[in-house]
Structure formats: structure tokens, C-alpha cells
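Subject: Structure handover

Hello,

Here is the structure I promised to pass on. Please open it alongside these notes.

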Amino acid sequence: MKPRCSASSTPSSARQITCGAFDAGKAPGGFDPSGYVKGWGAGRIADTAVEYGLGDICVNAAGDIATRGRGPTGPWRIGIENPDAPASLCAILDSGDPNDLDGARGGVATSGFSRQDGHVTARGPAPAKARQATVVGPDAGLADAIATALLIDGREGAQWFAAFARTDIRGYRPVTRWGAILVEGDSLIRLGSCAEGIAAGG
């Protein structure tokens with residue numbers, strides 16, 4: 001099954017992209033899309049703001065972020081909290097390219113255990129493999145779901161993530177807009193567009 005990006009992402013498309021690592025239908029107690037709706041909601045608010053004439057906006061829904069247009073000095077710059085030292089950053093990401101021909105849309109979502117524990121259920125008896133996962137891309141809802149899935153799969157999710165990220169490449173955009181940063185053990189692992197160009201925070 002080939003992962004694909006949809007402009008109107010859903011929890012079910014996230015399940016397909018992540019090869020089942022994110023599955024809102026298998027949550028304890030039934031359907032639970034909470035690993036998707038916070039990012040999705042931020043994106044909807046950002047789109048509504050643009051419809052009302054606010055071209056440059058950043059919506060922060062408790063850490064899941066949707067941006068449109070430009071930040072104060074260029075692309076919106078989002079700091080990623082260090083899970084071992086919450087007062088410091090482990091990376092700074094550009095949430096989106098303001099010159100993107102498909103529109104200046106950005107999303108950044110982080111899933112982890114430094115602020116909350118027990119809110120993510122891994123598949124099977126094994127615990128989540130990563131301690132924190134951050135995803136950046138043009139769809140905040142999908143970024144939210146993929147971050148949850150990468151928290152579960154850790155570096156083992158690199159294969160499905162790379163397959164998905166490649167679907168974003170076009171003739172006029174030779175590189176993907178999707179990237180991820182995983183904290184697994186003591187390692188910081190960079191995927192997709194985050195493989196290069198990350199400025200570490202201080």
C-alpha cells in the first residue's frame with residue numbers, strides 16, 4: 001500500500017500513511033482521534049483567519065502549531081522543547097516556506113512524555129520506542145498524527161515516513177516539506193526535510 005498525502009487529511013488517511021502506527025479506531029474504549037484533532041483544529045482556525053483577511057498568522061493549540069504566511073522576520077520559526085531540559089530547546093524549525101507555490105501553509109506537532117504520560121498506547125505489549133517526536137509539514141492535523149505514530153515506532157518508522165515524504169515532491173518542488181525529529185534514548189534522529197539545516201537551540 002503506497003502512502004499518499006491528501007489535502008484533506010483524516011484520521012483514516014493517517015492510519016494508512018503510518019502503516020497502522022496511528023489508528024484512532026483501535027484506542028482503548030473505541031474511536032479516539034485526539035492524536036489528530038488538536039493539529040487539525042489549529043489548521044482550521046488558521047484557515048478561517050486567512051479567509052477573514054489575516055494573511056500572516058500562527059495558531060498554537062497547546063503545542064500543536066499551524067502557520068500561514070510569514071513570521072515577523074521571514075518563515076515562522078518554532079522552537080522544539082528539549083525533553084530532558086524543558087527550559088531549553090533541542091531544535092528550531094521553519095514551519096513552512098512562505099514562497100511555496102502551493103501556499104504558505106505550515107504545521108508543527110510534537111508528541112512525547114515529558115509533560116504527560118500514559119496518553120499514547122503503543123501497538124502490542126511493547127512500549128513506545130521514542131521519547132519525543134516532532135513533525136513539520138504543510139498539514140498540522142497530519143503532522144499531529146504522524147508525530148504520535150513516530151513516538152510509537154521510533155526510528156523503525158523511518159521507512160514509512162520516507163515513503164510518505166517522497167509523495168510531497170513535485171517537479172517545481174524537488175525536496176519534501178515534511179520532516180521529523182525523534183528523540184530516542186540519547187539520540188536525536190532527523191528525517192525528511194529535517195535531515196539538514198536544523199539550528200540547535202541553546
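Below are the findings on the sheet, the helices, the cores and the charged pairs.

**Ground rules**

This is a predicted model: local features need pLDDT of at least 70, side-chain atom pairs count only at pLDDT 80 or more, and totals for chains, interfaces and linings use all residues. Residues are numbered from 1 along each chain as its sequence is written, and side-chain values use heavy atoms, with hydrogens and water left out.

**Sheet**

Helices (H or I, at least four residues) and strands (E, at least two) are DSSP runs, numbered from the N terminus. Strands count as paired if DSSP finds at least two bridges between them. The model has an open sheet of 6 strands, with antiparallel pairing. Its order is β1-β2-β5-β6-β7-β8. β1 (57–61) and β8 (187–192) are the edge strands. Each has a single partner, so one side of each lacks a neighbour in the sheet. From one strand to the next, the twist averages 10°. β2 (residues 64–68) and β5 (residues 105–112) pair over 4 bridges, in the antiparallel sense. Within that pairing, Ile65 stands opposite Val108 of β5.

**Helices on the sheet**

Contact here means heavy atoms within 4.5 Å. Axes are lines fitted to C-alpha atoms, for helices over the stretch in contact; angles run from 0 to 180 degrees between N-to-C directions. Helix α3 (residues 140–153) lies across β2, β5, β6 (132–137), β7 (179–184) and β8. It runs at about 30° to β5. Helix α4 (residues 158–166) lies across β6, β7 and β8. Its angle to β8 is about 30°.

**Cores**

A nonpolar core is a set of buried Ala, Val, Leu, Ile, Met, Phe, Trp, Tyr and Cys residues joined through side-chain atoms within 4.5 Å. Buried means under 20% relative accessible area, exposed over 50%, and partly exposed in between (1.4 Å probe, protein chains only). The largest core has 26 residues. Val135, Ile146, Leu150, Phe161 and Trp178 have the most contacts inside it. Two or more residues come from each of α1 (11–17), β6, α3, α4, β7 and β8. α3 gives the most, with 8 residues. Leaving aside residues up to four places away in sequence, Ile146 touches Ile17, Thr18, Val135, Trp160, Phe161, Phe164 and Trp178. A second, separate core of 10 residues includes Ala91, Val108, Ile181 and Cys194.

**Cysteines**

The count is 0 disulfides (pairs of cysteine sulfur atoms within 2.5 Å). Cys58 is partly exposed at 33%. Cys90 is buried at 14%.

**Salt bridges**

There are 12 salt bridges (a side-chain nitrogen of Lys or Arg within 4 Å of a carboxyl oxygen of Asp or Glu).

- Asp47 and Arg105: the closest N and O atoms are 3.0 Å apart. Asp47 lies in helix α2 (residues 34–51) and Arg105 in β5, so the pair ties together parts 58 residues apart in sequence. Asp47 is partly exposed at 23%, and Arg105 is partly exposed at 30%.
- Arg155 and Glu184: N to O is 3.2 Å. Arg155 sits in the loop between α3 and α4, and Glu184 in β7, 29 residues apart. Arg155 is partly exposed at 43%, whereas Glu184 is buried at 16%.
- Arg177 and Asp168: N to O is 2.6 Å. Arg177 is partly exposed at 22%, whereas Asp168 is buried at 1%.

Asp168 and Arg177 also belong to a salt-bridge network with Asp100, Asp102 and Arg173.

Best wishes
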